[in-house]
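Please read them alongside the structure.

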Amino acid sequence: MAAGEPPTGAVPDPGEHLVFYRQPASRWTEAIPVGNGHLGAMIFGGIEQERLQLNENTLTSDEPGYRTLPLNVRPQFTTVTNLLGRRQFAEADELITRTWLGRSWACYQPLGDLYLDFRYAGPATDYRRELDLSEARCRISYKAGGATFTREILASHPDRVIAVRLRTTQAGTLSFRARLASPHSNAVATTQAKGPRLILGGQVPGLVLRRTLAWVEQKGDTWKYPELWDEQGRRRPHAGQVLYGKDIGGRGTWFDARLGIRLKGGRVQAESDALVVEGADEAVLVLSAASSYAGFDKSPSRAGPTVAARKAESFLKAAERRAFDQLAARHVDDYRALYDRVSLSLGPPSEQSRLPTDERIKRFGNGQDQALAALYFQFARYLMISGSRPGGQPLNLQGMWNEEIIPPWASGYTININTEMNYWLAESGHLPECAEPLLRLVRELAVDGRRVARDMYGRRGWVAHHNTTLWRDAQPVDNVAGTSFWPMGSGWLCQHLFEHYQFTMDGSFLREAYPLLRGACEFYLDWLVPDDQGRLVTPVGTSPENAFVYVNDAGRKVKANVCAGPAMDLAIIRDLFRNTLTAAELLKRDRGFRAELEAALGRLKRYEVGSKGQLLEWPEEFEEADPHHRHVSHLFGLHPGREITWRTTPELAAAAKRSLELRGDGGTGWSKAWKVNFWARLEDGEHAHRMLTDLISQSTLPNLFDTHPPFQIDGNFGGAAGIAEMLLQSHAGEVVLLPALPKAWPAGWVKGLRARGGFTVDLAWKDGRVTEYRITSARGQPVRVRVNGQLLNLTSSTP
């Protein structure tokens, strides 16, 4: 197979990269997302009115240190562990909820909206709205009054702007009014004749509270919010869920958005808060935006609004020196350098494949359009490139696209599955650069994580719980123990550090990451305790967001979340300890610490199998409060871990399969996506494909976004990563080609997938068997390959 080409005889279909619709978006979840890793927009494509809903991905409420409470587990630690030892789980739950939890977390914020209000002579016909994934360019076209009107919209990473080109085929018929608006009450839109310029400036809230004031008062949590309640728990005069400006001491990040317009023909006039274009043949709009964010540990309000204004103006001035075609060329070159690394065909397009994307999604369950699965895979890679670039922020629960001041789950980083799932595709999908924001988040989070480990726990190292934000806060959040007390976030995030090394073989990165791995290990070494059989377990833990039922001393069935040594805790710790041992051995460091890790590994409690043949989620075979719960946390060792495989641990693999059967195929969008990966790791292509079909047909919105519901982007990345797992696996010391190929994909090809060991893999198949493959690496090192049932020892070629 020639490098950079599809297999012999395969011709890419130009339509395989197109998402398109025959009508404008009527709601946010029908709009088309674009982004440059810093600035994003949702494009509605309206005829009389275009709306671009805007996000700048450093706009988050609150400021550093907002969630630094005097939490301390030590005064109640013995009481909690004694309660657990006496099987008084609900009582332990209640005590942790009351004494070990923090406050609500900051909310990711929208910037505002760009509106273009058009005037036409007559109704519009022949409407089409499309996103070309191969160029990351949105196009809209329609006819009105005898003319054809077109819009091209792109978000340029090299130029840090969004550029829009409006055209008409009939000279002088392009007229519109451009205005900027924001949901933030303090935002002001102004214009400058020079340029001309349309400017929107403002400040996001210094406090956004996801909970109602009454909820906080009912929970007895008023002491956690001195901004809203006094020491006696009385509401302050300005108390509210959203506070701006002087009501919150001037806190909050400043933002500035700027729009410039260039015309061919016609004229532009600046009104007080809008730019009005009359009689043009063509208009090019360039939009920039910036904030006063200066780092996760620095106040963004102290600098004032001028910092954001200077940055936004510098981006706009630089971009305006280039014609639209130059901006587009720079954008496409930058984007395709990443996107073109992977090509995928899961079979030829069908008649159904020619339908608009929203219609294809509705019909995907009939099995007649497998090309949509390939489009879904590439759409996820498009989202990754658009939303996560070096120097920017990691993708949150909604990626970088959010229109709400109080968004679902704060549009934050939920690190008990969702943030990690966002980045499963980065390595296998050949986008390691796009993982940089997440890898940097781990380093930044460890700063507060060390403080929390010391002050809250009295332990070494660093720790993080189930949620964090732009401000890299590591304390547990509020609500209840079952969701919020989970000191395993640091362990799971560290897996991404080691995975990045395994895929890239970058030794310098491993040296930089090693102190983070070691620090996370130090916390767990101090946190682990022996159980009544001498096995090491976590003294207090939860299986994320799930609950069990037990019989209490009074003989009543009671629901609880907290126990000692849930399966996921120990699976994460085993994974972390093994990865850290390997890293230390490769770096020839810390012989004494390696011995400490090896000793602890040998004593960690192992997985246990229950009476139904399933892996146990908790230390006892409890009744499950929700047998079909969306989280399947106890199977971490199957995926994304590598502890459970058919070839090395067949009994555990059989138990993991049984657990999945009992849990069922339902769940949220991201839960279905995780199950695609689970079944792929179990090498059951039919069940993996069934989950993928359900994910796309039942849990995908018209614009291809995943829905929880509501919208969460993690399922997009998890589902695409699952497709990669079905075609290629490398977690168990060998490169396996087509480990979980379903019958629905009898023939196809893929180019450019990445495997651990620094390998790039191209392969083609027909009648379910590999017909061609090529494995390359930078140094041409040996590789073990399992292909068509045979295990081969080969040497990879160099590019």
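**Notes on the predicted model**

1. An open sheet of three strands, in the order β26-β25-β28, is paired in the antiparallel sense; strands and helices here are DSSP runs numbered from the N terminus (E, at least two residues, for strands; H or I, at least four, for helices), and two strands pair if DSSP finds at least two bridges between them. Because β26 (557-560) and β28 (623-624) stand at the edges, each with a single partner strand, one side of each is left without a neighbour in the sheet. Strand β25 (residues 548-551) is joined to β28 by two bridges, and V549 stands opposite E623 in β28.

2. This is a predicted model, in which local features need pLDDT of at least 70 and side-chain atom pairs count only at pLDDT 80 or more, while totals for chains, interfaces and linings use all residues. Residues are numbered from 1 along each chain as its sequence is written, and side-chain values use heavy atoms, with hydrogens and water left out.

3. Helix α2 (residues 89-99) lies across β25 and β26, and runs at about 35° to β26; axes are lines fitted to C-alpha atoms, for helices over the stretch in contact, with angles from 0 to 180 degrees between N-to-C directions.

4. How do α12 and α14 cross? The axes of helix α12 (residues 489-504) and helix α14 (residues 567-587) come within 9 Å and cross at roughly 35°, and the crossing is left-handed, that is, the near helix is turned anticlockwise from the far one by less than a right angle. Contact (heavy atoms within 4.5 Å) is made by residues including W492, F498 and Y501 of α12 and I572, L576 and L586 of α14. The residues of this contact divide into nine nonpolar, four polar and one charged, where Ala, Val, Leu, Ile, Met, Phe, Trp, Tyr, Cys and Pro count as nonpolar, Asp, Glu, Lys and Arg as charged, and the others, Gly among them, as polar.

5. Strand β12 (residues 197-203) is mostly covered, with six of its seven residues buried; buried means under 20% relative accessible area, exposed over 50%, and partly exposed in between, with a 1.4 Å probe and protein chains only. Five bridges join β12 in the antiparallel sense to strand β11 (residues 188-192), with T191 opposite L198 and T190 opposite I199. The two strands form a hairpin with four residues between them, and G195 in the turn has a positive phi of about 125°. Strand β12 also pairs with strand β15 (residues 254-264), antiparallel and over seven bridges, where F255 is the bridge partner of G202.

6. The largest nonpolar core has 223 residues, and those with the most contacts inside it are F176, F577 and L727; such a core is a set of buried Ala, Val, Leu, Ile, Met, Phe, Trp, Tyr and Cys residues joined through side-chain atoms within 4.5 Å. Leaving aside neighbours within four places in sequence, F577 is in contact with residues including C521, L528 and L604.

7. Some backbone values deserve a check, since most residues other than glycine have a negative phi, and most peptide bonds are trans. A cis peptide bond joins H639 and P640, with omega about 10°, and the bond from P709 to P710 is also cis, with omega near 0°. K588, in the loop between α14 and α15, has a positive phi near 55° and counts as exposed at 72% relative accessibility.
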